[in-house]
Number of protein chains: 2
Amino acid sequence: MEQFKYIHGGDLHKTEKEHGISLDKILDYSSNINPLGIPEEIVNIIKNNIDKLKMYPDAHCRELIKEISKYLDVSLEHIIVGNGAIEVIFLYLFSIRPKKILLPIPTFSEYENIAEMLKIDVDFIETFEDNGFLFSYQLISKKMTEEIEALILCNPNNPTSTLIREKDLKKIIKEAGQKNIRVMIDETFIELTSGGNENSIVKFIKENDNVFVVRAFTKLFSIPGLRLGYGIGCKSIIQKMWKRKACWSVNTFASLAGSVLNNDREYLKKTDKWLTNELVWFFEELKKIPGFKIFKPETNFILIKILDERFNSKILKSKMAEKGILIRDAENFRGLNNRYIRVALKDRKSNESFLKNLKEVMR
Amino acid sequence: MEQFKYIHGGDLHKTEKEHGISLDKILDYSSNINPLGIPEEIVNIIKNNIDKLKMYPDAHCRELIKEISKYLDVSLEHIIVGNGAIEVIFLYLFSIRPKKILLPIPTFSEYENIAEMLKIDVDFIETFEDNGFLFSYQLISKKMTEEIEALILCNPNNPTSTLIREKDLKKIIKEAGQKNIRVMIDETFIELTSGGNENSIVKFIKENDNVFVVRAFTKLFSIPGLRLGYGIGCKSIIQKMWKRKACWSVNTFASLAGSVLNNDREYLKKTDKWLTNELVWFFEELKKIPGFKIFKPETNFILIKILDERFNSKILKSKMAEKGILIRDAENFRGLNNRYIRVALKDRKSNESFLKNLKEVMR
């Protein structure tokens, strides 16, 4: 079908077909999901509430918003929820309707897709391999000209796994504020950085009306199939977004899942422990394999440049797929090319299997 | 919260709070859901696929579209799916971007809401109580002027429970085609009319590029909480819609639910039997209660005018809520006023209880 347009990680359905590997046999290193699996709390919520599907979900998601409010210590009026982070990002841009936005690249492609859909011009800011693809404050500052109405930052950034520290972020936000520029920060991976919510800008929302933060349950709680994102911003933007939000866009199970934020601290602790141990180890092990440049990761995925000239991203993806491992060909990220791949961080056993297979392919 | 904007039937969450009745004790006559309950097939799909939530859903919903294709005998390229019918309606209007549309009233309020959001002008066509709120072909024809780019019809219509017959619909579509006007027909209740899919215009899609049909799983399969709608139209409009559709907007469970269309014919038969028996009986019983004008229903809900001057829609809603029964105050439908309520059709036992309580209130 010509309409097949989405190119993201995690398209196991395509891999299943092309390589004839059954869905549950694929080791998916292309999507960046917490390998601890779905929290027991969410599994139980689903099992115990199937009968509730015969009622409309609460269109205002009152309980869900209360849980988010408690989790992040922000008041109810600062919160919107959506059918995945994608709906939240769409609603934000649909509500503020900027003529032109600023977007450092490479980054998550949906910002650009949504902007195009809404006929918003995008001014891209390049980042550079030599500098580990770090966002340059100077460059962003220079590009924040009069015609720019909003700046979009993914933090930590997908696919580079870089993190803008609080100090720098505050500088950008301050300057943007002075220039009347809104800043949207996509923190969908923030809980999967070392320090977690401490790296978040949510605590400064109250003093910075120009900041909007996107969050999601997806990656942290390993539930991309459930679709649940949310956003934190000043009251006026949140009201505008509610006004434009499609009724009942958050399904019943998602609307009930909020309690996991506050009831399953154990899961969050375990996640933190796994991340702290595994990320450094996996990074160091990857560095030992010749033929690659490995970029230092700040969250649960790693950007890799293929130096070995026998391979490009497509060939490597195909070779790994033959072994039942799906990696993310990063060629279609604007600002990258067919030398780049992205791999997720999983549990030790999977990571060992991944390393073994990658070594075999590279031999 | 000021952002609470949705006023539809089925807001049990509000009723629960205001009247202190627990959610599962409320007899909900305000939303029009098949009382046969959730098909076993869907319950099993959910129970058996909770673990799949940790993968992204298939963004292209390949299996779901195959099932719809088989169910309605239309080819894959004519089908789009969405997070409830609402996303499908939004995507349609967002894709064709008409300057002005024609909308007979009273009808489902989301057409107008979405049009407003997209800054589309709406020209309303009044229908009249004396005529049972039937759409007048003459009036629609007269209103299809040069500046109109699309006509929206809800068939059967919510909240009036009227049905435009095939002959009339074809006449409207033909004239619209000649005048270069697109026609969107919302058939979300069509399977709950006597004759079901036979009343659908889907079979004429191939010859009528100007027609787009909206459908949903919601009402028929009693799963408003799952969020699953779809649309059938010409290839070019379907392609435009896919291009604008948010990635992964259909959640994993919804994307797997399509098989119910083809595997559970028994459920469809039972539904048909219930509807045929119950609708006439309920209509006749309602007519026996003094103080009302009951409009002849064609689908699983009934519009009622309150003639008794002691009551209006708000008072009656409140009195019924005290008895644990939620009815739809129809005042906020454009074209109606505080003399109108809408009630759903349920199983015999519930309907008897409803009638008994209504009689008590009206005494």
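A salt bridge is a side-chain nitrogen of Lys or Arg within 4 Å of a carboxyl oxygen of Asp or Glu, and between chain B and chain A the count of such bridges is zero. The structure is a predicted model, in which local features need pLDDT of at least 70 and side-chain atom pairs count only at pLDDT 80 or more, while totals for chains, interfaces and linings use all residues. Residues are numbered from 1 along each chain as its sequence is written, chains are lettered from A and ligands numbered from 1 in the order in which they are written, and side-chain values use heavy atoms, with hydrogens and water left out.

The meeting of the two chains can be described first by area. The size of an interface is often given as the accessible area lost when the parts come together. Chain B and chain A bury about 6000 Å² between them, with 67% of it on carbon and sulfur atoms; buried area here is the accessible area (1.4 Å probe) that two parts lose on being put together, summed over both. Across this interface there are 10 residue pairs in polar contact, both residues being at pLDDT 80 or more, where a polar contact is a pair of N or O atoms within 3.5 Å and, within protein, one must be able to donate a hydrogen and the other to accept it, residues adjacent in sequence counting only if both atoms are side-chain atoms. On the side of chain B that touches chain A, the largest share, five residues, comes from helix 8 of chain B; helices (H or I, at least four residues) and strands (E, at least two) are DSSP runs, numbered from the N terminus.

Within chain A, the chain is divided into domain 1 (12–39 + 265–361) and domain 2 (54–263), with bounds that come from an automatic or database domain assignment. The centres of these two domains, taken over C-alpha atoms, are separated by 25 Å. Their contact, meaning heavy atoms within 4.5 Å, takes 28 residues from domain 1 and 34 residues from domain 2 of chain A. The area buried between domain 1 and domain 2 of chain A is about 2600 Å², of which carbon and sulfur atoms give 59%. Between these domains the count is four salt bridges, and the side chains of Glu129(A) and Lys305(A) meet in a salt bridge (2.6 Å, N to O).

The side chain of Thr193(B) makes a polar contact of 2.8 Å with the side chain of Asn199(B).

The backbone also deserves a look. Most residues other than glycine have a negative phi, and most peptide bonds are trans. Asp73(A), however, has a positive phi of about 55° although it is not a glycine, and Asp73(A) is exposed, with a relative accessible area of 65%. Asp73(B) likewise has a positive phi of about 55°. The peptide bond from Asn158(A) to Pro159(A) is cis, with omega near 15°, and the bond from Ile105(B) to Pro106(B) is cis, with omega near 0°.

How values were computed:
Buried < 20%, exposed > 50% of the residue type's maximum accessible area, 1.4 Å probe, protein only.
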